Amino acid sequence: MFEPRFQNRQTDKLMRAVLMLKDEEDAYRFFEDLCTIPEIRSIAQRLEVADLLRKKETYQKIAEETGASSATISRVNRALSYGVEGYARVLDRLEGKDEP
């Protein structure tokens, strides 16, 4: 069983809240209240970087397409290579490879 490094009562509640979102509108409303716009854009950028890395795009092309720094691209690449498969699970589902 997976055990997150940051799990506590508050993060459990946050994860349950995310799972209760019914649709994209719910998600936009919740995240706009929860996060700043730059935080949301940063998270979205990292997801896009992960997608492009999985498609074997170069760091240069990823930086050009997303505006991400090489440090961000490297960090996402480390997560893809040595992380806990969070990006892979979500991206597979977005691509329809693995239904939730």
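**Helix packing**

Reply: Helices are DSSP runs (H or I, at least four residues), numbered from the N terminus. This is a predicted model, where local features need pLDDT of at least 70 and side-chain atom pairs pLDDT 80 or more, while totals for chains, interfaces and linings use all residues. Residues are numbered from 1 along each chain as its sequence is written, and side-chain values use heavy atoms, without hydrogens or water.

Me: At what angle do H3 and H5 pack?

Reply: About 65 degrees, with the axes 9 Å apart; axes are lines fitted to C-alpha atoms over the stretch in contact, and angles run from 0 to 180 degrees between N-to-C directions. Contact (heavy atoms within 4.5 Å) involves residues including Val49 and Leu53 of H3 and Ile73 and Leu80 of H5.

Me: And how do I read salt bridges?

Reply: Side chains of opposite charge can pair when their charged atoms come close. The rule is a side-chain nitrogen of Lys or Arg within 4 Å of a carboxyl oxygen of Asp or Glu, and it gives seven salt bridges here.

Me: Which residue does Arg29 form a salt bridge with?

Reply: Glu25, with the closest N and O atoms 2.8 Å apart. Both Arg29 and Glu25 sit in helix H2, four residues apart, or about one turn of the helix.

Conventions:
Helix = DSSP H or I, 4+ residues; strand = E, 2+ residues; numbered from the N terminus.
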